[in-house]
Amino acid sequence: MEIEFINKLEKACLDLTSQKNEQRKNGEESISMLMKTPQPYSLCFNLLAKSTSTFAHFYSLLMIRDSAVREWAALESSLKIFIIETLFQYIENQKSMNFLNYATKNQSFNTLGVVCKRGWLDTDKFNGNQELNQIIMEKVYQYLDSSINSFSPDTIDLSIRIVSSLIIEFSSGSKAAHIQLSWEFHQKCLLTFQNLHLQPAFRKIMELLHKFQNHIQQQQSLLNDKNFTSLLHMTIKCFTDILDWRFLESGSPTLAYITSFSTVQPNLKPTMEWAQLFTQSPFPVLTLIFSLYRQLENLEKVPSLLRHCMNQCCGLTGIVIRDAGVKDQYLKELLGYLTPMIQKAITTRNWREMEDVSNIIYKFCNAYKFSSLLVLPNELVLPFLRYTTEFVFSSLTLMKIWAKHGEEELEEEFENDCFSILLKAFVALISDADIIVSRRKSSTFENFTEQFTCLKQCTAQIYQTYVQSRLELSEIELNKDSDQLEPSAVQENEIDEDKHKYEEQLKSVAYIGRLNPGQSMDLLKNEINKRISLLKERISDPVIFEHLHWLFIFSGHLLFDSENKTLSAIPNAIEDYTFQLSSENPNAPDSVVELSNAVFRFGLEYENPLLKNNQADKVSPLVSQTSLWFLSGWSLVYLLPSKSLNVRVSPKILEAYGSEQSVSGIADYLVDKVLFNLKCWSGDIDVLKATSVLLNCLCSNKDFCKFLVKTNNWPKLFYLEGLQEGQLTPSVYGQLYQAFNKVVFSFSDDNKKQYYMELVKTMVEQFDSVLGRPDFTKISQDARVKENIYILLEKLNGIVSVSESLFVEDVENSLFLTLDLFTKYANALIAMIPLYDHCNDVVLLILRLFSNLTKNQLEFLTEPRAKQIYPFIIQLFNSVSSTSSHKKSLDSKEYYSRIKMMVKILFNIITFNDQSNNCPNLIAETTFYGINIITPCLTNNDLLLFPKLARNYFIITTFLFGSESIQVKDIPQINTIYSLIEAGILHHDLEIVKGCFECIVSLTKNLETTHEKTGAIDQHYHQVIIQFIGSVINFLLLQDFNVDDLLASASETLFALMCSSPDGYRSKVIDLITRQDSSIQNRVAQQFETLTITGKDRKSKEAFNKRLQQFLVNVKPLISKK
């Protein structure tokens, strides 16, 4: 039998290495059959003693591991101790087995670790009243002691590998083997190993590392010995793994154990028993890490491991550091080590080192904040801040070096991995300092003045150096590109690329700059003024253009929050600084005004004069576009600054941008600027778009609209005088008409209708002219007609995008001007869908029109008007779905974009604020028909693979399921919708899963209401509820999911389903239990009996949620996923 087993396994392993597919397949099948051998331990150990095939050893070890996990509960005690002792003996004898490869040796340690964990909680007694775990650890400590005493390489290798395998298995990390037992079992294993053995093993490893240090001090040449350094690396890796341990407090609920794995890299949070090692003098862990680093920083791989240890120590948290005095002493010690390391890293050019140090700095600053530094001596904190600042400068220098050598990808990756992280470290310090200042607690810290002053000095240097470095980098890139590309290609849409690429970095830099707002604004003002003066001498200088582009971006991010698209407040730091400065010295110039004027100089002194002389070719479209971007953001904050948003506005700012005289002058300039740009930049779409965005921002301020219409050239702009029809791009027309409509709606009711008619007069005439032609269908494909239609649609879209509800308070004051205009052309728009089916841009624009209608024009909708509008939406959906489904040439991207817009239209309908509840039935009816049209379009093209689309779809479905006027079973596509919900529960996107749960809960609530009214529920729903019960139970037990994010939703859903159909729940539970192994059926059944519902109130739901948590802890690891 033993000989036959060895021969079979060796033959199968030989077949696995064959080049013939059939032979390899036979080998796989043979091994698969052998792996099922019951209690193969004697056979396997006999093979391990006699065979010289490394593959046969590998699969024998695998067989021992898997069989022991599977059969352990049924094994005799004598066999258990035999397995573990023989595995230890096998590992000891490996040094004489030269034929074993690396994978097989690793498998032997893995098998030992897994089997040890499986028997860890056994209570059987051996060797004079010892439990199995005691025997195991006694053996481990013997190996460790022997390693320390003898310092034998073989013994060190053996002991560290064993400890590492135990840490992997007992930590239950991602590398641990799957043992199909309860989470409670795994938690007990972790806690007992952690509380009894983790620290003793850690101390012995520390002692062993001290031995390594001593040997290195005595013989430096050992660092050139690969075997020695390999052992050292392995030992430090084991040390690092223990620092990565996810510590649990004794008595922690099992859910805390489960949720601890949701964190990618947890902070070091040891229990109080570890305080002596971490936070008590002489701080053994810190001392060892940093002393090792000094000795080994020139080795490969090892320094990175030690820097990871430092990173963990920089995030030390929990009970060991909770006491303020202990924390202060720890941080003193830590800073004493960190600062010299950072100082030395300033001169390094090693990427990995700089990345690690950047993360260490960020971890420290983010974990302990500025308030923790304030209680430390200045002689520790000030050098830390200064050397960290120098390290930032070093990073910038390295970025420039790589850029000069053409290593753009390297430079970009370094910015993301190192430099941006360093900026975030300073943001963490500044934000905490701001809180201290705003709460007026600075006087409680003795060292606040010195340290805050130092922080301000450091950040001022960082801001200045960053600005200069970014200008240098842009110049390097410009010079490189000029050798490769045409000038026009270099500048194409560069502002969006730069703003998006560096968005997070620019936000961090702006935040840093606002700590010294005066210095930052003065710096930018001087740099801009200097370059504009140079530009007037060196017209069209590309380097100056590039510099101005970046300086305008810096200025915008400093003065306002770039993501804001509506009227916004002045940033607090800017507002406080300018107000305080004006209070202290009323005659002092205002920095905001001076910086803004510097930016405006580009248009006033350089761009506009050239445009007036038809010399647009001497102006940079990129800089013009960037200056318009600045003006747009600036106008939303500083132009007529809002009294409701700003508490303390500087009198100088109010005088410059808030007085009637100054605002009138600004309005004149800006209207002229927009007109100039529309006429002179007609060939540059990016500048035109930026110009139209500027006008929209200006018109968003209702108070400023009054000044706009009083300017001399407003009529020219309003009627677009001097511009030929079609001279601008369609999207620009849309933006302009949106801006004009905002101005129209800002008027009083007496003038509103008159101006509205003036605005749409030409557009209506053109629509009537082209759509009224009897041969429109025939001429619709003419290029000029199509272009004219597209422009008209964009204009109408711009008008529809403005909600009248923003300008009136209730329905009585609403004129429904846009709604009536849209209604006039709705049928014609729908009729265009089949005509322009081959032109996806036109179809999408029509859909966007309806989307903007449903988003902006429904708030005050009355029922008579709703009866006009909603049928149009159904007609539109029918037209799009029937046309698109028959269009074979329509690619998936085009199809997706159409369906996405249809879903968005329905989403808008169900989410708009129907304040008066004018048309709930119409909304439900429209959604009913709409979902039936959309659902086949989704399923036929797998469009639910797109998360955002799917999320909106399930929100619509939830609304429909909860509607009292809709019978869910009457929805023609209902079975497909049920299937989509079941598929959505298994989706990787958390919001989609939640959306599906909400659909189910909505349906159960609706059924409960129906049952209360009628006393019965249709049989159709009984079957659906049972189906969903099975889906939710399967999700809970068979799927790996984020407990923190989804358990509450899943619990609420199961609760609702169980209330709706107790019998259906029982049937699904029985079905699940019968599919399990007979050995666990009773245990699973007993656990299901704990899932009881005591009522339907909030407390009952909370109690059920807790019971479900415990149920999952006990049952989920047992359930077979088949």
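Lys188 is partly exposed, with a relative accessible area of 43%, and in this predicted model its side chain forms a salt bridge with Glu184, the closest N and O atoms being 3.9 Å apart.

A search of the whole structure finds 39 salt bridges, and the table lists some of them.

| Salt bridge | N to O distance |
|---|---|
| Lys125 and Glu131 | 3.1 Å |
| Lys188 and Glu184 | 3.9 Å |
| Arg538 and Asp541 | 2.9 Å |

In the pair formed by Arg538 and Asp541, Arg538 is partly exposed at 41% relative accessibility, whereas Asp541 is buried, with a relative accessible area of 15%.

Lys673, in helix α29 (residues 660-680), counts as buried at 3% relative accessibility. Its side chain is joined to that of Asn608 by a polar contact of 3.3 Å, and, leaving aside residues up to four places away in sequence, Lys673 touches Glu607, Asn608 and Leu628.

The structure holds 0 disulfides. For Cys189, the nearest cysteine sulfur is that of Cys116, 11 Å away, and for Cys365 it is that of Cys314, at 8.9 Å. Cys365 counts as buried at 2% relative accessibility, and Cys189 is buried at 0%.

Conventions
Residues numbered from 1 in each chain as written. Predicted model: local features only at pLDDT ≥ 70, side-chain atom pairs only at ≥ 80, totals over all residues. Heavy atoms only, no water. Disulfide = S-S within 2.5 Å. Buried < 20%, exposed > 50% of the residue type's maximum accessible area, 1.4 Å probe, protein only. Helix = DSSP H or I, 4+ residues; strand = E, 2+ residues; numbered from the N terminus. Polar contact = N/O pair within 3.5 Å; in protein donor to acceptor, adjacent residues only side chain to side chain. Contact = heavy atoms within 4.5 Å. Salt bridge = Lys/Arg side-chain N within 4 Å of Asp/Glu carboxyl O.
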